[in-house]
Amino acid sequence: MAEKFDNLEEHLEKFVENIRQLGIIVSDFQPSSQAVLNQKLNFMISGLQDIEKCRQQLHEINVPLEVFDYIDQGRNPQLYTKECLERALARNEQVKGKIDTMMKFKSLLISELSKVFPEEMAKYKAIHGEDPPP
């Protein structure tokens, strides 16, 4: 799979370089450079065709749209994965904290209800597989 990405990267680098050279030719166009301009345009077309072939090999790859936002903002797209993991870990800690709090609340609630309603809580604990109070 890595060689497919390497192949795409190589084609993209060639395409970008060709576009850069094309921009230089166009910005300082001279009639004598028409043949070179035509050659660069043909290279651009063949470069797009090469990229299209690579795209077909990588059709099963899905990229989250947020990655493109990172690129548009001039940020490193690899940071997207790092920040997603950091958000997931932070959210996991929040959820774990809520679960721990709810478990403590349940335990306290059962303890207090057992003091007020000992018979009913003994039945509750028997139904839920908990040991009845001593």
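Student: How many positive and how many negative side chains does the chain have, and how far apart do the centres of the two sets lie?

Tutor: This is a predicted model, and the values below are computed from it. Lys and Arg count as positive here, Asp and Glu as negative. On that basis the chain has 17 positive and 22 negative side chains, and the distance between the centres of the two sets is 5 Å.

Student: Which secondary structure elements make up the chain, and in what order do they run?

Tutor: There are 0 strands and 5 helices in the chain. Read from the N terminus on, the order is therefore α-α-α-α-α.

Student: What percentage of the residues count as buried?

Tutor: The accessible surface of the chain is about 10,800 Å², and carbon and sulfur atoms contribute 61% of that area. To count as buried, a residue must have under 20% relative accessible area. Of the 134 residues, the share that does is 15%.

Student: Where do tyrosine 70 and tyrosine 80 sit, and are they buried or exposed?

Tutor: Tyrosine 70 lies in helix H3 (residues 65-72), while tyrosine 80 lies in helix H4 (residues 78-116). The two are 10 residues apart, and the pair links distant parts of the chain. Both tyrosines are buried.

Student: Why does leucine 37 count as buried, and which residues is it in contact with beyond four places in sequence?

Tutor: Leucine 37 is found in helix H2. Its relative accessible area is 12%, so leucine 37 counts as buried. The C-alpha atoms of leucine 37 and leucine 22 are 6.8 Å apart, although 15 residues separate the two along the chain. With neighbours within four places left aside, the contacts of leucine 37 are Leu22, Ile25, Val26 and Phe29.

Student: How far apart in space are valine 63 and glutamine 49, and where is valine 63 found?

Tutor: Valine 63 is in the loop between helix H2 (34-57) and H3. Valine 63 counts as partly exposed because its relative accessibility is 43%.

Note on methods
Residues are numbered from 1 along each chain as its sequence is written. This is a predicted model: local features need pLDDT of at least 70, side-chain atom pairs count only at pLDDT 80 or more; totals for chains, interfaces and linings use all residues. Side-chain values use heavy atoms; hydrogens and water are left out. Helices (H or I, at least four residues) and strands (E, at least two) are DSSP runs, numbered from the N terminus. Buried means under 20% relative accessible area, exposed over 50%, partly exposed in between (1.4 Å probe, protein chains only). Accessible areas come from the Shrake-Rupley method with a 1.4 Å probe; for residues, only the protein chains shown count as cover. The place of a charge is taken as NZ of Lys, CZ of Arg, CG of Asp or CD of Glu. Contact means heavy atoms within 4.5 Å.
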